[in-house]
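Today I look up the aromatic rings. I want to know where they meet.

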Amino acid sequence: MKLARPILRRFASFSSPFEPDRVAKNPLSINAAKELHAYLIRTQRHDDASLLSSVIRAYCLSPFHLHKAHLIFNQIKRPTLLNFNAMIRCFSQSSQPVEAIKMYHKMHRFQGFSGDNTTFIFVLKACARVLDVRTGQKIHVHAVKLGFDSYLYVANVLIHMYCCCGDLNFARKVFDTMGERDLVSWNSLICGYSQCKKFKELLGLFSAMQEANVKADAVTMVKVVLACCYTGNMDLVDSLVEYIEENCIHIDVYLGNTLIDVYGKRGLAHLAREVFDRMLERNLVSWNALIKGYIKVGQFVEAREVFDSMKQRDVISWTSMITGYCQANQFKEALKLFQDMMVAKVVPDEVTVVTVLSACANLGALDFGQAVHDYICKHRIRADVYVGNSLIHMYCKCGVVERALEVFHDMKEKDSVSWTSVISGLAVNGFADSALEYFSQMVKEGVRPTYGCFIGVLFACTHAGWVDKGLEYFESMEKVHGLIPEMKHYGCVVDLLSRSGYLERAYEFIKRMPVKPDVVVWRILLSSAKLHGNVVLAEIATNKLLELDPSNSGNYVLLSNTYASSDRWDAATKMRELMEGNNVQKPSGWSSIELGK
């Protein structure tokens with residue numbers, strides 16, 4: 001009883017016919033709405049549409065009380081248009097937009113209300129969210145019959161609805177028939193063109209917008225800049241930046257991130273940094289985009305400074321830096337950063353582990369690679385085809401072919417890269433028979449061989465000394481599989497013939513090549529000529545190499561050693577003198593091996 005009196009005093013004046021209107025104009029707090037609702041229940045007025053309007057509206061403003069609003073609405077005998085609009089509005093903005101459409105149909109069919117501009121705005125927004133263009137068209141017809149389609153806000157939401165549903169023709173018709181347009185009208189259609197990848201039409205619409213003297217905002221500029229990127233119109237991007245400056249358009253986080261990304265991809269890291277420094281608000285995307293921009297142009301010191309200054313990092317931040325180090329052949333730094341990532345307890349994704357496994361393969365870091373493999377299995381990282389291929393490549397590069405085959409056979413999905421990695425790995429590690437067996441199995445399973453696959457096959461034949469078989473595979477490239485041999489394949493054949501002692505055949509093959517031999521092909525011949533003591537071919541190959549690659553010390557050294565092997569010491573000395581006279585430096589040899597992990 002102590003609670004009843006203050007509540008009665010608080011709502012004592014509700015019996016006045018003027019008070020409900022005053023309450024309806026001023027939204028109540030949740031607590032006040034609950035008190036009013038309780039009071040109306042006690043006074044047997046819980047089905048009064050006018051008195052409950054403010055309660056429904058208060059509940060509708062809170063997503064957690066939407067079900068209460070719906071419950072109260074269903075208790076009203078004769079809901080008003082205001083009640084319907086409140087329910088349609090809250091459902092259209094909730095996780096149940098389809099209920100807004102149902103509420104509209106209930107209002108239209110059973111209650112006899114035609115609706116007003118508020119009704120059409122929110123029911124059309126609901127249609128846009130559920131991509132129901134057919135219902136949207138019917139509601140559009142209702143709006144036209146009642147004359148609400150001429151309202152600016154209704155027309156704008158019609159454009160938005162049609163664009164969301166991918167019907168740009170109807171969206172453009174609505175836009176073209178509008179007597180009045182505002183920035184939202186232009187942006188709605190521009191966003192629709194962007195969503196449907198109609199980038200040329202988007203740029204044309206932006207030009208018309210400028211002719212109409214409508215000032216763009218950040219939303220407009222994001223879509224226009226992206227359209228320029230997709231159409232390759234980078235010159236226009238520079239003029240858009242001038243437009244942003246001249247019109248004092250606020251660079252929000254979305255526009256800023258877009259510009260940073262565009263400048264980064266164009267290799268203009270300094271301009272990306274200028275935009276970054278101007279932004280008042282930044283998010284993780286901003287920092288990550290700037291890091292990628294620096295990595296794109298090889299400025300790893302600057303990228304690492306940005307990375308180190310981040311207060312918060314996500315998997316993209318770490319992966320971007322790790323990938324950057326790998327691209328710069330700084331594989332040790334990549335693995336060190338991955339270890340730091342593990343300490344920071346950031347869970348890597350497929351891209352991260354693929355990159356790290358690539359670094360392990362290049363370093364021959366078997367223990368590290370196995371640890372990454374164990375981590376993938378333990379934490380159930382999605383082992384897609386790219387992860388599987390990276391594991392195969394890593395194990396093959398480290399000489400553990402058995403594990404590579406285990407990974408290959410455990411893969412649920414395989415592509416041509418998977419087969420190529422296994423075939424090449426077996427060939428490099430001396431398992432020529434197995435390499436050719438897997439090639440035959442691949443062809444039987446209908447997987448089309450790649451250029452890289454034939455390099456592995458030819459490599460296997462070379463190391464096994466199978467000259468005739470190797471030549472058969474080479475000829476089958478174009479005749480059977482429709483692959484025109486590239487320079488690497490010609491080099492493999494030259495190597496195949498040369499290693500087997502058929503130097504003259506190798507030289508004749510080079511002369512018949514349909515493409516001009518590169519330095520690799522001539523160096524293969526030179527190495528084999530030195531091995532077999534063929535001074536004449538060694539001189540021919542060296543002369544070609546001195547034309548194509550005069551600064552490479554290996555060319556001079558190989559011929560000098562060939563002369564020395566044939567006891568032609570004067571010629572060997574002259575070759576060394578020629579090397580010194582041309583100021584060609586011989587780099588020191590080095591190698592690496594993993595010790596103690």
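I began with the aromatic cluster. Y104, F120, F148 and Y151 form one such cluster. The model I am reading is predicted.

Next I looked up the pairs. How many aromatic pairs are there by this rule? The count comes to 21 aromatic pairs.

I picked F84 and F113. Their ring centres are 5.9 Å apart and their planes meet at 65 degrees, so I note the pair as edge-to-face. The cut-off I applied for that label is over 60 degrees. I then asked where the two residues lie. F84 is in helix α6 (residues 81-92), while F113 is in the loop between α7 (97-111) and α8 (117-130). The pair therefore ties together parts that are 29 residues apart in sequence.

I turned to Y162 and F170. The centres of these two rings are 5.1 Å apart and the planes are at 20 degrees, so this pair is stacked. Under 30 degrees is the cut-off for that label. Y162, at 0% relative accessibility, counts as buried. F170 has a relative accessible area of 30%, so I put it down as partly exposed.

Last, I checked for charges over rings. Which residue lies over the face of Y230? I found K197 there, at 5.9 Å from the ring centre. I also found K414 over the face of F408, at 5.1 Å from the ring centre.

Key:
Residues are numbered from 1 along each chain as its sequence is written. This is a predicted model: local features need pLDDT of at least 70, side-chain atom pairs count only at pLDDT 80 or more; totals for chains, interfaces and linings use all residues. Side-chain values use heavy atoms; hydrogens and water are left out. Rings of Phe, Tyr and Trp (its six-membered ring) pair if their centres lie within 6.5 Å; planes under 30 degrees apart count as stacked, over 60 as edge-to-face and the rest as tilted. Helices (H or I, at least four residues) and strands (E, at least two) are DSSP runs, numbered from the N terminus. Buried means under 20% relative accessible area, exposed over 50%, partly exposed in between (1.4 Å probe, protein chains only). A charge sits over a ring if NZ of Lys or CZ of Arg is within 6 Å of the ring centre and within 35 degrees of the ring normal.
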